[in-house]
Amino acid sequence: MIRPLIVAALTVAVLAVAGLALREILAGIDWDEVRAVLHAMPAPALAAALALSAASYIVLTGYDVLSLRLLGRRVPYPIAAIASFTSYIFSHNLGFAVLTGGSARYRIYRRHGLSAAEVGQIMVTAGVTFWLGALLLLGVMLLIVPTVPAVAGWVPSSAVQRLAAVLILALLGGYVLLLARRGAPLRVFGWQLPLPGWRVALLQLALGVTDLLIASGALFVLLPTSGMELYPSVLVSYLIAIIASLVVHAPGGLGVFEAIMLVALPQVDRAALLAALLIFRLVYYLIPLAIGLLLFLSLEAAALRRPRARRPENPERTDFT
């Protein structure tokens with residue numbers, strides 16, 4: 001009883017701080033100009049943002065497919081795709097992935113014979129896939145981008161930036177080498193977690209990187225400048241904003257994501273950047289949320305009508321390492 005209250009209090013506190021920071025950042029914004037930019041947003045840019053958002057969620061389904069194969073569970077792709085999509089749109093918009101996205105995954109997968117422990121392992125594997133991709137991209141971009149955005153007013157020196165990049169990439173290299181040498185499952189507090197082979201780890205890296213490149217691209221195409229020279233700065237800012245949003249558990253990164261992006265990209269016109277962020281939240285978060293909610297409710301309604309005897313108890317096992 002106490003833990004949910006603490007979580008709720010921390011969430012409110014994070015949102016309050018983010019809201020105050022965002023209010024300070026937006027001071028002096030000409031909202032008439034923002035509205036003008038919104039109305040003038042080119043249709044091709046909107047179409048590209050929608051297409052890239054859809055592509056990002058399609059790539060995200062690969063997280064679940066890979067996790068299921070690693071578990072040795074064969075679940076039809078449409079089911080895995082819906083479980084992945086609904087899980088991510090809930091966790092993206094509401095935060096606290098274990099409670100929101102985890103509950104959605106469990107509701108769907110349990111009807112196909114998966115246990116709560118197996119759903120938990122899917123979430124862990126999917127989470128590792130995301131963090132592998134995020135760290136690889138961050139490490140590479142720290143080497144490429146001359147100066148990263150300020151963090152809490154602090155701008156790291158070039159030496160610190162390069163050192164951080166080397167450490168991140170060395171950590172990832174060590175992880176892959178460890179998997180190449182270790183074949184037994186990892187045991188943590190009595191819980192057995194199957195480890196992938198190094199080839200699967202490379203696939204995880206590819207999936208994570210691809211998803212983040214596409215998702216950040218959905219924001220980039222909404223910006224007024226079309227020059228690709230801005231994209232590295234947008235990508236680094238996006239990575240920092242997403243990671244910060246996940247760390248503080250802000251629902252949908254609301255306020256936190258926007259505040260970091262506005263501070264990290266001073267070279268972009270404020271009104272145009274804010275308009276792009278508003279549209280990005282609509283196409284990447286809110287529209288998928290509406291679609292995912294309808295899908296989830298449809299599945300729940302269908303499950304209520306389906307006799308229990310017809311529900312599969314033990315899906316076919318496969319081996320994939």
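Reader: Is Asp-32 buried or exposed in this model?

Author: The model is predicted. In it, Asp-32 has a relative accessible area of 53%, and over 50% counts as exposed. So Asp-32 is exposed.

Reader: With which residue does Asp-32 form a salt bridge?

Author: A salt bridge here needs a side-chain nitrogen of Lys or Arg within 4 Å of a carboxyl oxygen of Asp or Glu. The partner of Asp-32 is Arg-35, and their closest N and O atoms are 2.3 Å apart. Arg-35 has a relative accessible area of 44%, which makes it partly exposed.

Reader: Which parts of the chain does the pair Glu-300 and Arg-107 link?

Author: First the contact itself: Glu-300 and Arg-107 form a salt bridge, with their closest N and O atoms 2.4 Å apart. The pair links distant parts of the chain, since Glu-300 lies in helix H11 (residues 270-305) and Arg-107 in helix H5 (residues 101-109), 193 residues apart. For accessibility, Glu-300 is buried at 15%, while Arg-107 is partly exposed at 31%. Arg-107 and Glu-300 also belong to a network of salt bridges that includes Arg-111.

Reader: Where do Arg-281 and Glu-258 lie?

Author: The side chains of Arg-281 and Glu-258 meet in a salt bridge, at 2.6 Å from N to O. This pair too links distant parts of the chain: Arg-281 is in helix H11 and Glu-258 in helix H10 (residues 256-264), 23 residues apart. Both residues are buried.

Reader: Turning to helix packing, why do H7 and H8 count as roughly antiparallel?

Author: The angle is taken between N-to-C directions, and a value over 145 degrees counts as roughly antiparallel. The axes of helix H7 (residues 158-181) and helix H8 (residues 198-220) cross at roughly 150° and come within 8 Å. H7 and H8 are therefore roughly antiparallel to each other.

Reader: Which residues of H7 and H8 meet, and how many are nonpolar, polar or charged?

Author: From H7 come Tyr-175, Val-176, Leu-179 and Ala-180; from H8 come Trp-198, Ala-201, Leu-202, Gln-204 and Leu-205. Sorted by class, the contact of H7 with H8 holds 8 nonpolar residues, 1 polar residue and no charged residues.

Notes. Residues numbered from 1 in each chain as written. Predicted model: local features only at pLDDT ≥ 70, side-chain atom pairs only at ≥ 80, totals over all residues. Heavy atoms only, no water. Buried < 20%, exposed > 50% of the residue type's maximum accessible area, 1.4 Å probe, protein only. Helix = DSSP H or I, 4+ residues; strand = E, 2+ residues; numbered from the N terminus. Axes fitted to C-alpha atoms, helices over the stretch in contact; angles between N-to-C directions. Parallel < 35°, antiparallel > 145°, perpendicular 65-115°, else oblique. Contact = heavy atoms within 4.5 Å. Nonpolar A, V, L, I, M, F, W, Y, C, P; charged D, E, K, R; others polar.
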